[in-house]
Amino acid sequence: MAEYHEYTDQYRVPMIAKLLHALPHYNITFHKINSTFRPNDEIYLESLGILGSVPAALLIISLLGLLLYLMTRCCDRKPRPAHSITSLKVALSIVTVMCCAAIGLGLYGNDDLHNGLLEVLTAGRKVDTLVTTIRNQTHILENTLKNRIRPQLVELADIFDQPVSNQSALSILFVSLNIVQGNVTLATNAASDIRRPLTSVTMTKFLSDGDKMELIRWPGTVATLALLLVLCAVLLVGVARHSRCALILFSVCGLLAVTGSWLMSGLYLSSSVAVGDLCINPADFLVSMSPRDLPTNVLLHYTQCEPGHTNPFTQRLRESQNSLNNARSAMATVMKISLVLFKSSGLQPKLGAVNADLNSSERLLTQLTALVDCKAVHHSFLAAARGLCEGGLLGLVLMLVASFVAAILLTIMVWVDSHTWIYIRKRNDYAQVDEPSYISHPAPQNHQQVMNASRTLPRNHNGHFSPPVISGSHTLQHPSKRQQHEMMSHAHMQQNIRAMGTHTLGRLPSHNHSPTQLTGPNNGKYATLSKQCKTLEANDFY
């Protein structure tokens, strides 16, 4: 039970805050500086900015690498086999699923941070309400003592100035009345001392600004991470449907996502280190930010609430309580003597009103004594510190890890995606790459080879060589491999004969050079390429 009481009533620095606080803090000249949380110190803010610039440097390096890669790929238009990007598509799918998991981790961390900040704001409202209540109660007490009891005592003093026969009793009456007035003044001063330092203690603006910022930050972060998930879905659809348009869309939008992820990593890194520094000793930060009118020992008492430590507010309230008790005792003497000396002056209502106001002031003091006790404020302080430094800081670190991992994975995805869509072509391009080449047979290089090739030409009825007849049916069908080989050999032979000065394919002379055999391109004893026949090209064999 003792350990549980110590754990619940004392703040302990979380391990994650110690690790973040241990990160070195350097200024612009790379000199190590004090890592105490000082949000108003320019050098401290400079060190946080240097830490946040590390992911920005990684962003620049990744963008330069991607630029260099695209410069090397911009002139590479060589078709690739259809199966050449299968491994890229599989890699894209795996990395995209991992990126979705990282984004999910960011959503989880964002929810933890949101809950931690809500605990801070809730505890802040409780403390602000408590301080406002104490301020209002002390104001009511001061107003009662100063503006109601004191004028009534003045009226009683005027009544007691009437001549009476018993001067000794009158003397005692005035002494008692002065005691009442003196103690009322002491109680009034004590109430004023309590209220005065609390006048400038207000968290209304801080709480209002915190609500507005969290109202924008939390849904904005959720919307941003949701857009990244949609972008990952676009990439998965593009990979599944082999959509070049979807892959290009991701490549363009992915650059924006990579830039945003790296920049958010820098922001989360600086914020995590700052919160870690704050969580090392949040009480000291509150003391440094407290108003000048609020004594330091008072604030430390409420944040630590150590047993045996005297609360200055409680001490002043006890002084006020003792003053009111003395005033009530003296007032009882005043009532007893005055009712005997001044029977016909109508003192009873006035004396009853003074006693009623004294009783009301005593009840206010009792309430204030409970309000200024350190336990209520200390409980709210612990709730705020643990909400920020345990749940909130953990969520912020998870968002840092998620954004850093997502930035790396998105960079890889953009690289692989760019490599993938660059080589996506039409199906015919892949088919041309996969089909074997039909023009790889070398042509005869000398006269002897030409003569050997000419022996394979078919002979006509006169015994002369004639080229093969290419009919329309041959141009509409895919020839066999043997026919393809013969056609290509004949084509090379004809080119070499043409280079040696012989006649063209359509003008090979007959044996007797008879003019009757030259009546037309289709009437001779030899074949020719007419306009109805399609010229054979490499694509025709596909």
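**View 1. Cys279 and Cys389, both buried.** Cys279 and Cys389 are each buried, where buried means under 20% relative accessible area with a 1.4 Å probe, counting protein chains only. A disulfide joins the two, with 1.9 Å from S to S; the term covers a pair of cysteine sulfur atoms within 2.5 Å. Helices are DSSP runs of H or I, at least four residues, numbered from the N terminus.

A word on the model: it is predicted, so local features need pLDDT of at least 70 and side-chain atom pairs pLDDT 80 or more, while totals for chains, interfaces and linings use all residues. Residues count from 1 along each chain as its sequence is written, and side-chain values use heavy atoms, without hydrogens or water.

**View 2. The Cys305 to Cys374 disulfide.** Here the sulfurs sit 2.1 Å from each other. The torsion about this S-S bond is about 50°, so the link between Cys305 and Cys374 is right-handed. Cys305 is in the loop between helix H9 (296-304) and helix H10 (312-341), and Cys374 is in helix H12, so the bond ties together parts 69 residues apart in sequence. Cys305 has 16% relative accessibility and counts as buried; Cys374 is buried too, at 8%.

View 3. Cys99 is buried, at 0% relative accessibility.

Notes. Buried < 20%, exposed > 50% of the residue type's maximum accessible area, 1.4 Å probe, protein only. Helix = DSSP H or I, 4+ residues; strand = E, 2+ residues; numbered from the N terminus.
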